[in-house]
Amino acid sequence: MGILLKGGKVLTGTNGLKVQDILIEDTKIADMGESLPEKGHKVIDVSGNLVTPGLIDLHVHLREPGGEHKETIETGTKAAARGGFTTVAAMPNTKPVPDNAAQLQWVNEKIKETASVRVLPYASITTRQAGKELTDFEALKNNGAFAFTDDGVGVQSADMMLQAMRLAKQSDAVIVAHCEENTLIHKGSVHKGNFAEKHGLNGIPSICEAVQIARDVLLAEAAEARYHVCHVSTKESVRVIKDAKAAGIKVTAEVTPHHLLLCDEDIPGLDTNYKMNPPLRGNEDRTALIEAYKSGVIDFLATDHAPHSKDEKDLGMELAPFGIIGLETAFPLLYTNLVQKGVLTLQELVDGFTRKPADSFDLPYGALEIGAEADLTVIDLNHEEKIDPENFVSKGKNTPFAGWSCKGWPVLTIVEGSIKYEKESVNA
Ligand SMILES: NC(=O)N[C@@H](CC(=O)O)C(=O)O
Ligand SMILES: [Zn+2]
Ligand SMILES: [Zn+2]
């Protein structure tokens, strides 16, 4: 029957907005224009709201298999849909790790059976993410591996990383790196800065991340490989990536909402909802990340949605696992705290979750155009609501943003022409 979205506001590409009707037939955008005729379609009035390409998050942890008490592919993708995301890429630090074709097939089967949105599964760079032995990139690629990463840990051996990049180049795959030099973690649970000092905690220095990025961009240059840096958190990392791009190295990078919005001085006390890896850095780092995103040194936004159970997060700052959730709050948080305050334009925010990740990874999504896959998100920019973890559909409640009042909530999420999330009317 098709769906006709009436009267939504669409971004023009240069931060302008125009009112457009969008007609969806089967899985595709069939038409766009002013006042499209109704021909027996299901009509949804979205006037007053923003319509964007379906949001894309290339860094999420869905925890299945092995961590189902924290999240599953089903619950994590429902959370994605509620957050306006139509495509997510799932990290491989599960138990077991998708480090062979059979395990990746299992993941793909689960996705087919239970996912609400499109899931692109990562495969690991090394067997069990142990850093000792490369996986079979070709076999994994042939079984649908989206890209290769050992996210959760850094690849410690430079030679292992060089071999991985050479193999990735041969398989036309991207190496996606969690950059952390183990000898520089210093048993830290937070950034080595003012907060660590005040509370007598061991700190993780900024160079722990930046030295491995510096190593990797040189390896990527030598291997002529496509290389992507996860969750950039420090100003030194930004400098290294900027220099690498200037040298023509094929590097892209992502930044999370929490690293753009918070620094270590915002941590109110020993609250493990502020514990994540990489940690919240200094305010100078935070402002360098915003600048780097605006200038294109950092290419796109990703949540690093990392659900953990309450029991685990209750273990205290030093013992609790690293990670916070992000799918259901990313857009409203960034809209309210960066766009409404004039730090980012609305176009810069939307591009960071649509066109830019799609371009970086050559994905055929992220644009609203006739003939494109009908992945769309409708966002209410006016209604204001407080973040309440009790309302999350994610199993994870571990967020430092509880109680923050936001505008910019997704109200309708459509994946390949099917409605996957619809907010119940606020007036109902
Ligand atoms: N970001 C985190 O703090 N934690 C992630 C791992 C990771 O992204 O490195 C997790 O899997 O919990
Ligand atoms: Zn990581
Ligand atoms: Zn991660």
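Mentor: Two residues are in contact if their C-beta atoms, placed from the backbone, lie within 7 Å. This is a predicted model: local features need pLDDT of at least 70, side-chain atom pairs count only at pLDDT 80 or more, and totals for chains, interfaces and linings use all residues. Residues are numbered from 1 along each chain as its sequence is written, while chains are lettered from A and ligands numbered from 1 in the order in which they are written.

Trainee: Which residues surround ligand 1?

Mentor: Start with the cut-off: a residue is near a molecule or strand if its C-beta atom, placed from the backbone, lies within 6 Å of it. Around ligand 1 stand His 61, Asn 93, Asp 151, Gly 152, His 178, Met 276, Asn 277, Asp 304, Ala 306, Pro 321, Phe 322 and Gly 323.

Trainee: How many residues of the shell fall in each class?

Mentor: Ala, Val, Leu, Ile, Met, Phe, Trp, Tyr, Cys and Pro count as nonpolar, Asp, Glu, Lys and Arg as charged, and the others, Gly among them, as polar. The shell of ligand 1 has six polar, four nonpolar and two charged residues.

Trainee: What does UniProt list for "binding site"?

Mentor: Such positions use the numbering given here, with feature names shortened, and annotations may be inferred rather than shown by experiment. The unreviewed UniProt entry lists His 61, Leu 62, Arg 63, Asn 93, Asn 277, His 308, Phe 322 and Gly 323.

Trainee: Is Asn 93 buried or exposed?

Mentor: Count C-beta atoms, placed from the backbone: 20 or more others within 10 Å is buried, 12 or fewer is exposed, and in between is partly exposed. Asn 93 has 21 others within 10 Å, so it is buried. Leaving out residues up to four places away in sequence, Asn 93 touches His 61, Gln 129, Asp 151 and Gly 152.

Trainee: Where is Asn 93 placed?

Mentor: Helices (H or I, at least four residues) and strands (E, at least two) are DSSP runs, numbered from the N terminus. Asn 93 sits in the loop between strand E7 (85-90) and helix H2 (101-114).
Gly 323 belongs to the loop between helix H10 (310-313) and H11. Gly 323 is buried because it has 23 C-beta neighbours inside 10 Å. Its contacts, not counting residues up to four places away in sequence, are Met 276, Asn 277, Ala 306 and His 308.

Trainee: Why is helix H11 largely enclosed?

Mentor: Eight of the ten residues of H11 (residues 330-339) are buried, so the rest of the structure largely encloses it. Among those buried are Phe 331, Leu 334 and Tyr 335. The buried residues of H11 pack against several elements, including helix H8 (257-261), helix H12 (346-352) and strand E19 (409-415).

Trainee: What is the strand order of the open sheet?

Mentor: Strands of a sheet pair through backbone hydrogen bonds, either parallel or antiparallel. Two strands pair if DSSP finds at least two bridges between them. Here five strands run in the order E9-E10-E13-E14-E15, with parallel pairing. Strand E9 (148-149) and strand E15 (300-301) each have a single partner strand, so one side of each lacks a neighbour in the sheet. Inside the order, four bridges join E10 (residues 174-177) to E13 (residues 226-229). Val 174 stands opposite Arg 226 in E13.

Trainee: And Val 217: buried or exposed?

Mentor: Val 217 is buried, because it has 22 C-beta neighbours inside 10 Å. Val 217 lies in helix H6 (residues 207-223). Beyond four places in sequence, Val 217 contacts Tyr 227, Val 240, Ala 244, Ile 249 and Val 251.
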